Amino acid sequence: MDSSIITLIFLVFAIVMFAWEKIPLAVTAMIVAIGLVITGVLKPEEAFAGFVDSNVLLFMAMFIVGGAFFETGMAQKIGGIVTKFAKTERQLIISVMLITGLMSGVLSNTGTAAVLIPVVIGIAAKSGFSRSTLLLPLVFAAAMGGNLSLIGAPGNMIAQSALKQIGDGFGFFEYAKVGLPILIIGILYFTLIGHKLLPKREEVDLEEDSIYAQEVDYSKVPKWKQVMSLGILILTVIAMIFEQQIGIALHVSAWIGALVLMATRVIPEKKAMRSIDMNTILLFVGSLALANAIQVSGAGKLIASSLMST
């Protein structure tokens with residue numbers, strides 16, 4: 001069978017499985033990468049080139065920088081400051097969406113949502129508002145906030161890798177030209193209309209041993225670690241913004257920040273390694289392999305010609 005046809009079959013398989021989600025997205029992506037090797041569409045080094053891609057290195061480093069930010073309690077502290085002044089349900093929704101959206105822009109949107117969900121559940125328990133009313137805006141804000149920067153969402157980096165192959169690429173905050181208005185409109189929508197449509201389900205008391213019922217005590221974390229985690233995050237983002245001026249690649253700046261945090265024990269090595277989301281890495285590598293196969297096999301030209309004929 002022609003390699004372009006095989007690639008198109010894997011493309012359809014990936015689309016269906018990504019939409020169906022019967023198996024994890026990362027597993028689907030790696031099935032595609034392995035399948036492209038077995039069928040001879042790609043060589044192993046071509047299929048798994050994503051593991052040494054500069055964007056994967058960038059993701060790994062930013063997971064560690066973000067992990068230190070959450071591990072020291074700094075993320076929760078900032079979230080608490082923002083939500084402390086919100087007294088009504090609508091004000092809480094605005095606060096939650098604002099902090100989630102902005103944090104998703106400079107960290108991982110998936111990681112931000114995962115870490116802030118227990119925080120928001122705690123806020124809901126203390127305020128007496130429905131958890132479902134606050135969690136849905138949080139998830140939407142994380143998705144929209146991921147489009148504020150180059151590192152906010154895996155899809156942004158996949159597009160960047162494809163553009164680099166033709167000598168092009170996006171700037172660090174170039175996505176924000178579209179992403180920021182979307183985030184603002186999303187917050188305004190939930191503030192004016194959306195909050196009326198949010199589900200207000202009956203709350204079930206959480207079991208005492210539930211992870212969401214437990215409050216992590218960050219009072220024993222040295223203040224210098226909290227300040228340093230925030231400072232390194234800010235400096236890393238600044239270095240990324242001025243990549244062209246300082247002549248240091250994005251992934252190098254990110255790894256300088258990550259290594260400083262590990263060397264100073266702001267985040268221990270084991271926790272730093274656990275903070276790396278392998279699901280995101282595998283999804284990226286597998287998707288990159290598929291994109292590479294579409295280009296190498298000529299499947300892209302087949303798709304383009306069929307679209308033009310219609």
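This is a predicted model: local features need pLDDT of at least 70, side-chain atom pairs count only at pLDDT 80 or more; totals for chains, interfaces and linings use all residues.

Residues are numbered from 1 along each chain as its sequence is written, and side-chain values use heavy atoms, with hydrogens and water left out.

**α4 and α9**
- Helix α4 covers residues 54–71 and helix α9 covers residues 154–164; they pack at about 150°, with axes 9 Å apart.
- Helices here are DSSP runs (H or I, at least four residues), numbered from the N terminus.
- Axes are lines fitted to C-alpha atoms over the stretch in contact, and angles run from 0 to 180 degrees between N-to-C directions.
- So α4 and α9 are roughly antiparallel (that word is for angles over 145 degrees).
- On the α4 side, Ser54, Asn55, Leu58 and Phe59 meet Pro154, Met157, Gln160, Ser161 and Lys164 of α9 (contact means heavy atoms within 4.5 Å).
- Sorting the residues of this α4–α9 contact gives four nonpolar, four polar and one charged.

**α6 and α10**
- Helix α6 (residues 89–106) packs with helix α10 (residues 176–197) at about 160°, their axes 10 Å apart.
- That angle makes α6 roughly antiparallel to α10.
- From α6, Arg90, Ile93, Ile94, Met97, Leu98 and Gly101 meet Leu183, Gly186, Ile187, Phe190, Thr191 and His195 in α10.
- The residues in this α6–α10 contact split into seven nonpolar, four polar and one charged (Ala, Val, Leu, Ile, Met, Phe, Trp, Tyr, Cys and Pro count as nonpolar, Asp, Glu, Lys and Arg as charged, and the others, Gly among them, as polar).

Key. Helices (H or I, at least four residues) and strands (E, at least two) are DSSP runs, numbered from the N terminus. Angles under 35 degrees count as roughly parallel, over 145 as roughly antiparallel, 65 to 115 as roughly perpendicular and the rest as oblique.
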